[in-house]
Structure formats: C-alpha cells, structure tokens
Amino acid sequence: MIVKGTVNESADSASFWRKIFVGSRGIRSGWRLTIFLLILAGSGFGLFAIGILRIPAAARIFHQGFLSPGLEYLTEIPAAICLLVCSLVMARIEKRGLGDYGLSLRRGASKHFLWGLFWGLCVFSGVIALIAALHGFSFGGLALHGLALLKYASLWAIGFLLVGFVEEFLYRGYVQFTLAEAIGFWPSAIVWSLVFAAMHLANPDENLTGALEVFLFAIFACLTLRRTGALWFAIGFHAAGDYAETFLFSVRDSGYAASGTFLNSSFHGPAWLTGGKVGPEASVFSTLALCIAMFCFHFLYPQASRQE
C-alpha cells in the first residue's frame, strides 16, 4: 500500500507540473516566450562578452546620439543573427517555420516589401513637405557629390534594411505571435508597441511626444502584419522611413544625428512643427501622417491574410 501510494503521489505531482507547463497546444505560451527571451538575452550577452560590441565607437550610438553606417552594421548584423538563431531554435521546439513568426516567403512577399518601401518614402516625405510648407524646414545644399553620394546612399540603404528587419522581427515577430496566442492579436500588439515606444525613450533627446509617434508607428506595423499575414510590408515601411529621415532629408531620427547624409538641411520653428531635437517624429504632422496611413491601409487591405 505504501508503494502504491507513493506511485500515485508521484503521478499526481507529475500531472500537476504538466498542467503548469503544458497546455493543449504544447508548452504554454508564457513559458515559450520566457525561453525565447532568455535565449535571446544570453546570446546578446555572449556577443558583448567576446567583445564584438565592446568598443568605444559602438557606445557613441547610445551616449552621444550620433549614427554612421558602420555603427549600424556593427550593432544590427549581430542582432539579426541572434534573432534568427533564437527564432529557429523556437521553431524547432514548436515544430513551426519562420513563416509563422512573420517571415513567410510565400508568393506576394516581395510585392508587400516593395509597397512597404513606397509607403515609407511617401509618408515621411509628406511629413517633411508639410513642415517645409509652414517654413519649418530648409533643404540647404547638397552635402555629398559623385562617388561619395553613391557610397553613402548604398551604405545607408543596407543599414536601414537591417534596422527595419531587426526592429520589426524583434517586436512583431516571435514575441507578437506567441503572446497573441495567449491574449489575442491586438492586446499583444498594444503591449509590444508600448514596450517599443518605451525603449525609444532611452534615445538622446527623445520625449513623450516622439514616443507617442513611435507607438502609433508600431500599431501601424501591427496592422500591416495583421492584414498581409507577414512582416515584409512593415520591414519595408520601417527601412524607407528611416532612410528618408536620416539620409534623404538629413534630419534627426529619434534624437540621433548622422554622418554621410545627402543634404545640409535645417529645421527652424517651434517643436510642435519640427519635432525639435527629436526630429520630425515628434512633429504633429508625423502623428497626423501615420493616422492617415492607417486609415488608408485599412481600406486598401481590408482582408486579413492567413499566415502560412
């Protein structure tokens, strides 16, 4: 009887712990999300520990608010590798593909990406045009010519494609998919969009107005994910928006100034118009432009696509 009772108690204990960690779909989403974040944090710590990112130049990004293509590559390439590896590990555990986390390569992916690039250029060019119409922006002269122009135009384009990929896949990829299983798509989107905006508050000269625009930007990215079924539109939109602000119009982006930009441009006027030291994302026109973009996208992409 004693042995039988011990066996029953062990079985009950195993059943209890199984209910905590395992649900009808396998490992519960909260535990899977925790595993992913721990692996991601560990891999990121490993990169710092072996010295890939531990150099004075990289620290300038965060402490001095200054960007260059080389510094973008130095931070974004390792981050992209970490994200892909961690997501592949989780995909193996969950018996899924990267397409489930927003990187589907099904037919139409390239079209969504190209449309994202187009929308990003249009929306953020429109913001600058509105600021300029109220005499808050001067284009100035060209800062680059000839081969230097081609060089930096290409370097920044690749750099911001990396930024778009890393930030969209980090905040709208695995974590969005997994939390959405537990609480629903839009509650999850709001949570991660708030985290995305809060992280930007650590940028030099960022403020609450700029963070609000970042939140709306993230919500728009989530809307494109919901309606297209993948992250490619959002990646293109993100990359093109940053490229337009930093390189084409040569203004601050989330508080960061940059070298190797196209124009000797300048802002002048109140912060509500120009965004001040934050850049145009803290301008009232940036918030307006994103709201219009969401409204238009809602009607142009009315049906949610099934992720494959």
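1. Some ground rules. In this predicted model, local features need pLDDT of at least 70 and side-chain atom pairs count only at pLDDT 80 or more, while totals for chains, interfaces and linings use all residues. Residues are numbered from 1 along each chain as its sequence is written, and side-chain values use heavy atoms, with hydrogens and water left out.

2. Overall make-up. The protein chain has twelve helices and six strands (DSSP runs: H or I of at least four residues for helices, E of at least two for strands, numbered from the N terminus). Of its 308 residues, 46% are buried (under 20% relative accessible area, 1.4 Å probe, protein chains only).

3. The largest nonpolar core. This set has 31 residues, and Trp119, Phe220, Phe233, Phe237 and Phe297 touch the most other members (a core joins buried Ala, Val, Leu, Ile, Met, Phe, Trp, Tyr and Cys residues through side-chain atoms within 4.5 Å). Two or more residues each come from α5 (109–133), α8 (185–200), α9 (208–228), α10 (232–248) and α12 (284–300). The most come from α9, which gives eight.

4. A look at Phe237. Leaving aside residues up to four places away in sequence, Phe237 touches residues including Trp119, Phe124, Phe217, Phe220 and Leu290 (heavy atoms within 4.5 Å).

Note on methods. Buried < 20%, exposed > 50% of the residue type's maximum accessible area, 1.4 Å probe, protein only.
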